[in-house]
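The sequence and the structure are shown first.

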Amino acid sequence: MRIDIISVLPKLIESPFNASILKRAIDKKLIEVNFHDLKDYASSKRRQVDDYQFGGGSGMVMMIEPIKKCIDSLKKERKYEEVIYMTPDGEMLNQKISNKLSLKGNIIILCGHYKGVDQRVRDSLITMEISIGDYVLSGGELPAAVLCDSIIRLIPGVLGNETSALTDSFQDDLLAPPVYTRPSSFENLDVPEILLSGDKLKIELWREEKALERTKNLRPDIFD
Ligand code: ADE
């Protein structure tokens, strides 16, 4: 899988890919991530990529020309299955969307900035619009990093233990059960005895029960 991220501030998004699981996935060549500075595709000497809104109003709008140029140059090299625009008015990101995207070949992610992109970009170039929550950030870079992390950890071989992504919260519409590690007793706080019993079946049933209980209490909206 290859992810191409287009941004006016590529520096802002590079660091999460230089550490931990994402870096390991890139080093192991399980994923290729490339960053593209939209300003490199501007036609003016000033490398201008935004302009005033038609009709008036505060805030600049990202122009269609450099975005089209950048996307076209990528599409010339290879096929892309999705061109995603990060925007607070997009479809809310959830585990199902991340699962689906982790199965794709190549994707492009466009990060919005200022007042967003010219509507014609959304109408003619974008295949999916994704939000990471009902709040507005200064740009699409951090949301793009969140999206990439949620996708990349699902790619086979990225996580050490193949099953650990499958037992994440939301994978089966349930929150994950509580987990414990050593010491088994800390001050007055004890690990539930069943986890120390060695009885795999009973532990599995206990975890299922706790996952249901947690989901019912904390997220009644997804508890069915
Ligand atoms: N850009 C700014 N805010 C955003 C959000 N909440 N989700 C996705 N992209 C954004």
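## Report on the predicted model

Leaving out residues up to four places away in sequence, I194 touches K202, I203 and W206. The structure discussed here is a predicted model. I194 is placed in the loop between β9 and α7, and its relative accessibility of 24% makes it count as partly exposed.

With a relative accessibility of 70%, E193 counts as exposed. Its C-alpha atom is separated by 9.9 Å from that of I203, a residue 10 places away along the chain.

**Domains and central sheet**

The chain is divided into domain 1, covering 2–152, and domain 2, covering 169–223. Taken over C-alpha atoms, the centres of domain 1 and domain 2 are separated by 37 Å.

Five strands form an open sheet in the order β2-β1-β6-β5-β7, and their pairing is parallel. The edge strands, each of which pairs on one side only, are β2 (32–37) and β7 (128–131). On average, neighbouring strands of this sheet are turned by 30 degrees against each other, direction ignored. In general, the strands of a sheet pair through backbone hydrogen bonds, in either a parallel or an antiparallel manner.

Within the sheet, strand β5 (residues 82–92) pairs with strand β6 (residues 106–111) in the parallel sense over five bridges. I84 stands opposite I109 in β6. Helix α6 (residues 141–152) packs on the sheet and touches β1 (2–7), β2, β5, β6 and β7. The direction of α6 makes about 155 degrees with that of β6.

**Helix α4**

Which residues of helix α4 are buried? In this helix, which spans residues 95–102, they are Q95, I97, S98, L101 and S102. These residues lie on the same side of α4 because they cover an arc of only 160 degrees around the axis. As a general point, an α-helix has 3.6 residues a turn, so residues three or four places apart point the same way. The buried residues of α4 pack against β5, β7 and α6. The exposed residues K96 and K100 are carried by the face of α4 turned away from its buried side.

H36 is found in strand β2 and counts as buried, at 13% relative accessibility. Leaving aside neighbours within four places in sequence, H36 is in contact with D4, I5, I6, S7, Y41, C70 and L74.

The count of aromatic pairs comes to one. The ring centres of F17 and F35 are 5.4 Å apart and the ring planes stand at 70 degrees, so the pair is edge-to-face. This pair links distant parts of the chain, 18 residues apart: F17 lies in the loop between α1 (11–14) and α2 (20–27), and F35 lies in strand β2. F17 counts as buried at 4% relative accessibility, whereas F35 counts as partly exposed at 26%.

Most residues other than glycine have a negative phi, and most peptide bonds are trans. S20, which is not a glycine, has a positive phi of about 55 degrees. S20 lies in helix α2 and counts as exposed. F170, likewise not a glycine, has a positive phi of about 80 degrees. F170 is found in the loop between α6 and β8 and is partly exposed.

R182 and P183 are joined by a cis peptide bond, with omega at about 0 degrees. P183 is found in the loop between α6 and β8 (185–186).

**Accessibility of selected residues**

| Residue | Relative accessibility | Class |
|---|---|---|
| F17 | 4% | buried |
| H36 | 13% | buried |
| I194 | 24% | partly exposed |
| F35 | 26% | partly exposed |
| F170 | 35% | partly exposed |
| S20 | 59% | exposed |
| E193 | 70% | exposed |

Methods:
Residues are numbered from 1 along each chain as its sequence is written. This is a predicted model: local features need pLDDT of at least 70, side-chain atom pairs count only at pLDDT 80 or more; totals for chains, interfaces and linings use all residues. Side-chain values use heavy atoms; hydrogens and water are left out. Two strands pair if DSSP finds at least two bridges between them. Helices (H or I, at least four residues) and strands (E, at least two) are DSSP runs, numbered from the N terminus. Axes are lines fitted to C-alpha atoms, for helices over the stretch in contact, and angles run from 0 to 180 degrees between N-to-C directions. Contact means heavy atoms within 4.5 Å. Rings of Phe, Tyr and Trp (its six-membered ring) pair if their centres lie within 6.5 Å; planes under 30 degrees apart count as stacked, over 60 as edge-to-face and the rest as tilted. Buried means under 20% relative accessible area, exposed over 50%, partly exposed in between (1.4 Å probe, protein chains only). Domain bounds come from an automatic or database domain assignment. The arc is that of the directions from the helix axis to the C-beta atoms.
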